[in-house]
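Take a first look at the fold below. Then follow the report from a loop, through a helix, to the ligand.

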Amino acid sequence: MRKSVFRKPAVITAAAAILLGLPCLGSAYMERPGDIIETSCGPDNATAKSILIAYDTKHGATATIAEKISETLCQQGFRVDVRMARNVDDIAGYDAVIAGSPIYNFYWLPEGLFFLFKHQEELAERPLFLFITCTYLKDENDTPERRAGAVDLYIKPLLGLLPGLEPLDIGILSGEFSYAELYPYERFRMILSGFPEGDFRNGDKIAAWAESIAEHLQ
Ligand SMILES: Cc1cc2nc3c(=O)[nH]c(=O)nc-3n(C[C@H](O)[C@H](O)[C@H](O)COP(=O)(O)O)c2cc1C
C-alpha cells in the first residue's frame, strides 16, 4: 500500500511552516519611510509639561493620528514630541506618555508592544495613555458597546501581560487603509474577509480624545 505524503515528517513540517509563516509575513514590520512622522511642538519654556507620543505604524495612518493628537495638545500649552516607538531610548524627561499602535490581525504591531515592555517600569510611574487605530469602530459601528468590545479585544489582554501599567485613558480611534497601499498578502487577506477599504479617521474624535488627555494633565 502507498504511503500518503502527509505521513512524511518533512512534508508536514514544510506545510506547517508555510501555514504559520504566512500570517507572520502579513504582519511583518514594513512601514515606508514616507509614512513616518516625527515632530515636536509647543511652547519653548521649561515650565510647560512635556508629553511623548510614541507610536508604531505600517501604512502611515497612525502617524497622522499621532500628529493630530500632538497638535491639539500643543494648542493647550503642552510640549509634545511625536516619535516612532522604536526610536525612543529614554522616557525619563517626559511628564506623561501616550503610546499607540494600529491593530493588525487583532494585535498591536511588534514595536509598539516592545516599547511598552522596554519602558514598563518608568511608564508605571507617570501618567500613561494608550491608543489604538483600527477599523472596528468605523462609521455606524461606533457605539458604546463596540468601544467596550474593542477594549476587551485589543487592550485588556495586553495589560494582562504588563502588570503595573494603568492607563488613565484609552483612545479607540478609527484608522484608514486602501487596497492600493497594502502588501499583496494583506490585500488578499482583506479581500477574502470582505473588508471595505476606506479612510475612517475622524479629526473631531481625535481632537476630543486629545482634549480629554489635556484635562487629565492640567
Ligand atoms: C492586513 C490588515 C489587518 C487588519 N486587522 C485589523 C483588525 O484585526 N482589527 C481592526 O479593527 N482593524 C484591522 N485593520 C485595520 C487597521 O488597523 C487600520 O487600517 C489602521 O488604521 C492601519 O494603521 P497604519 O496605517 O498606521 O498601519 C487591519 C488592516 C489590515 C490592512
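Start in a loop. N105 lies between β4 and β5 (107-108). The model is predicted, and in it N105 has a positive phi of about 50 degrees although it is not a glycine. Most residues other than glycine have a negative phi. F106 is found in the loop between β4 and β5 as well. The phi of F106 is near 80 degrees, again a positive value in a residue other than glycine.

Another loop residue is D90, found between β3 (79-84) and β4. D90 is exposed, with 9 other C-beta atoms within 10 Å. The table sets two pairs of residues side by side.

| Pair | Separation along the chain | C-alpha to C-alpha distance |
|---|---|---|
| D90 and H119 | 29 residues | 8.2 Å |
| I206 and I65 | 141 residues | 7.1 Å |

I206 lies in helix α7 (residues 203-217). I206 is buried, because 23 other C-beta atoms lie within 10 Å and the cut-off for buried is 20 or more. Leaving out residues up to four places away in sequence, I206 touches I65, K68, I69 and L173.

I65, K68 and I69 are among the buried residues of α2, and so are A61, T62, A63, A66, S70 and L73. An α-helix has 3.6 residues a turn, so residues three or four places apart point the same way. How far apart should the ends of α2 be? At 1.5 Å a residue, its 15 residues should span 21 Å. The end C-alpha atoms are 22 Å apart, which agrees. After α2 comes G77, with a positive phi near 100 degrees.

Now for the core. The largest nonpolar core has 46 residues. Those touching the most other members are I51, I53, A54, I69, V97, I98 and A99. What does V97 touch? Not counting residues up to four places away in sequence, V97 touches L52, A54, I91, L123, R126 and L128.

Next, the ligand. It is surrounded by 23 residues, and the closest are A61, T62, P102, C134 and G175. Which elements supply at least two residues each to this shell? They are α2 (61-75), β4 (96-104), β6 (128-134), β8 (176-177) and α6 (184-192). By type, the shell has 10 nonpolar, nine polar and four charged residues.

Step back to the whole chain. The protein chain has seven helices and nine strands. Of its 218 residues, 32% are buried. Among contacts between residues at least 6 apart in sequence, 81% join residues at least 24 apart.

Finally, how confident is the prediction? The mean pLDDT of the protein chain is 89, and 87% of its residues reach 70 or more. Over residues 16-27, pLDDT stays under 50. For this stretch the model has nine contacts beyond four places in sequence. Where pLDDT is low, the predicted coordinates should not be read in detail.

Definitions and conventions
Residues are numbered from 1 along each chain as its sequence is written. This is a predicted model: local features need pLDDT of at least 70, side-chain atom pairs count only at pLDDT 80 or more; totals for chains, interfaces and linings use all residues. A residue is near a molecule or strand if its C-beta atom, placed from the backbone, lies within 6 Å of it. Helices (H or I, at least four residues) and strands (E, at least two) are DSSP runs, numbered from the N terminus. Ala, Val, Leu, Ile, Met, Phe, Trp, Tyr, Cys and Pro count as nonpolar, Asp, Glu, Lys and Arg as charged, and the others, Gly among them, as polar. A nonpolar core is a set of buried Ala, Val, Leu, Ile, Met, Phe, Trp, Tyr and Cys residues joined through C-beta atoms within 7 Å. A residue is buried if 20 or more other C-beta atoms lie within 10 Å of its own, exposed if 12 or fewer, and partly exposed in between; C-beta atoms are placed from the backbone. Two residues are in contact if their C-beta atoms, placed from the backbone, lie within 7 Å. pLDDT is the predictor's confidence in each residue, from 0 to 100. The expected span of a helix is 1.5 Å times one less than its number of residues.
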